[in-house]
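Good morning, colleagues. Please keep the structure in view as I speak.

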Amino acid sequence: MKRFKNILFYVDGMESLIPSLRRALDLAETNQARLTLIDVVQPVDTPAQVKTRFKLELTDLLMQQRQQALEKLCTELDRNDRVSYHKVMVGVPFVEVIKLIQQDHYDLLMKIANPPSGINERLFGGNDLHLFRKCPCPVLIDRPYSPRPYQNILAAVDTTAVENSGCDTLIMDLATSLAHTEDALLDVIHTWKFPGESALAHSSQFNLTASEVNIMQKYEIQNQEKKLNNLLQDYDLSTQHERVHLINGSATETINKVASSVKADIIVMGTLGRTGIPGFFMGSTAEEVLQSTNASVLAVKPPGFISPVH
């Protein structure tokens, strides 16, 4: 993916090298980018007797432990000349990460998913979801032990998005570039719903014949194909390609079904927050996918997205 120059990897308590961190280093080398490793310690209260007797703060001990772990990770990396520096911060994890991204202008955030304890069907934990919702730059969160390299990539686009609120071109740029870098297969999906489809099921109430309804549906299919082909033409793809999926149906259910059928290692998608409304998921499709998928996710924001974290 030759477009990133300043990559941030949030270690999130990780103790050893994993494919996701190796992938971050590969991306840094491919892009000739800087890679920074960080971790965040949430402050803890130190009992008064511990302060008095041992003259220490538990938060300081946690910071020292995480700092040592980061130093060990950097040492274990085969090619650590791309690791610019590492640091440990104190605070609410997603807030501190986003503030650092804003301060130092990182253009990609990467981390490994931290599933919530006790919820086996969920891949992404609370901090993961906050970062997907509120981080101003693209966010790539890998499932634990995600394959390296990826073998199958799914790009989920939405050509029906409100003008200037979508991010389909960025999704396709990243997905095609990632597929090239990882030598992976790329599938593209766009789901759509025919306006008033449920009402037209009772067309006789509106003095419409079955033939007229059929004509309207065919027109909408042609309209959807035209929009998708306009997007895909710059990537040597079309709706006639076997790996392009144009489907009339429920977005979340369809995306998950196709992701499962093509064995997608990662879904590249937009969070589709409307300009000026921080962390808002239009239509909740992105939110539902994040809550239900078992694939890694690379999520991007539309132009003009404003993070609620300042």
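Let me begin with a term: two strands count as paired if DSSP finds at least two bridges between them. What we have here is a predicted model. In it, strand 1, residues 6-10, and strand 4, residues 108-112, pair in the parallel sense over four bridges. Within that pairing, Leu8 has Leu109 of strand 4 as its bridge partner.

These strands belong to an open sheet of 10 strands, ordered 3-2-1-4-5-10-9-6-7-8, and the pairing in the sheet is mixed. Strand 3 (83-90) and strand 8 (244-248) stand at the edges; each has a single partner strand, so one side of each lacks a neighbour in the sheet. On average, neighbouring strands are turned by 20° against each other, direction ignored.

I turn to the helices that meet this sheet. Helix 3, residues 58-76, lies across strand 2 (34-41) and strand 3, and runs at about 160° to strand 3. Helix 6, residues 168-182, packs on the sheet as well, touching strand 6 (152-156), strand 7 (185-192), strand 9 (266-270) and strand 10 (296-300). The direction of helix 6 makes about 175° with that of strand 6.

Which residues of helix 6 are buried? They are Asp168, Ile171, Met172, Leu174, Ala175, Leu178, Ala179 and Glu182. The buried residues of this helix pack against helix 1 (19-31), strand 6, strand 7, helix 8 (210-232), strand 9 and strand 10.

With the cut-off for burial at under 20% relative accessible area, Asp168 counts as buried because its value is 13%. Leaving aside residues up to four places away in sequence, Asp168 touches Val157, Asp158, Thr159 and Leu231. Asp168 and Val300 are 132 residues apart in sequence, yet their C-alpha atoms are 9.5 Å apart in space.

Ile153, not counting residues up to four places away in sequence, touches several residues, among them Ala175, Leu178, Ala179, Ile266 and Val268.

Pro149 lies in the loop between strand 5 (139-142) and strand 6, and a cis peptide bond with omega of about 0° joins Arg148 to Pro149. Asp12, in the loop between strand 1 and helix 1, has a positive phi near 55°. Asp183 lies in the loop between helix 6 and strand 7, and its phi is likewise positive, near 55°. Is Asp183 buried or exposed? Asp183 is exposed, because its relative accessible area is 71% and the threshold for exposure is over 50%.

Finally, a word on confidence. The chain averages a pLDDT of 85, and 84% of the residues score at least 70. Over residues 273-283, however, the pLDDT is below 50, although this stretch has 32 contacts in the model beyond near neighbours in sequence. Where pLDDT is low, the predicted coordinates should not be read in detail.

Methods:
Residues are numbered from 1 along each chain as its sequence is written. This is a predicted model: local features need pLDDT of at least 70, side-chain atom pairs count only at pLDDT 80 or more; totals for chains, interfaces and linings use all residues. Side-chain values use heavy atoms; hydrogens and water are left out. Helices (H or I, at least four residues) and strands (E, at least two) are DSSP runs, numbered from the N terminus. Axes are lines fitted to C-alpha atoms, for helices over the stretch in contact, and angles run from 0 to 180 degrees between N-to-C directions. Contact means heavy atoms within 4.5 Å. Buried means under 20% relative accessible area, exposed over 50%, partly exposed in between (1.4 Å probe, protein chains only). pLDDT is the predictor's confidence in each residue, from 0 to 100.
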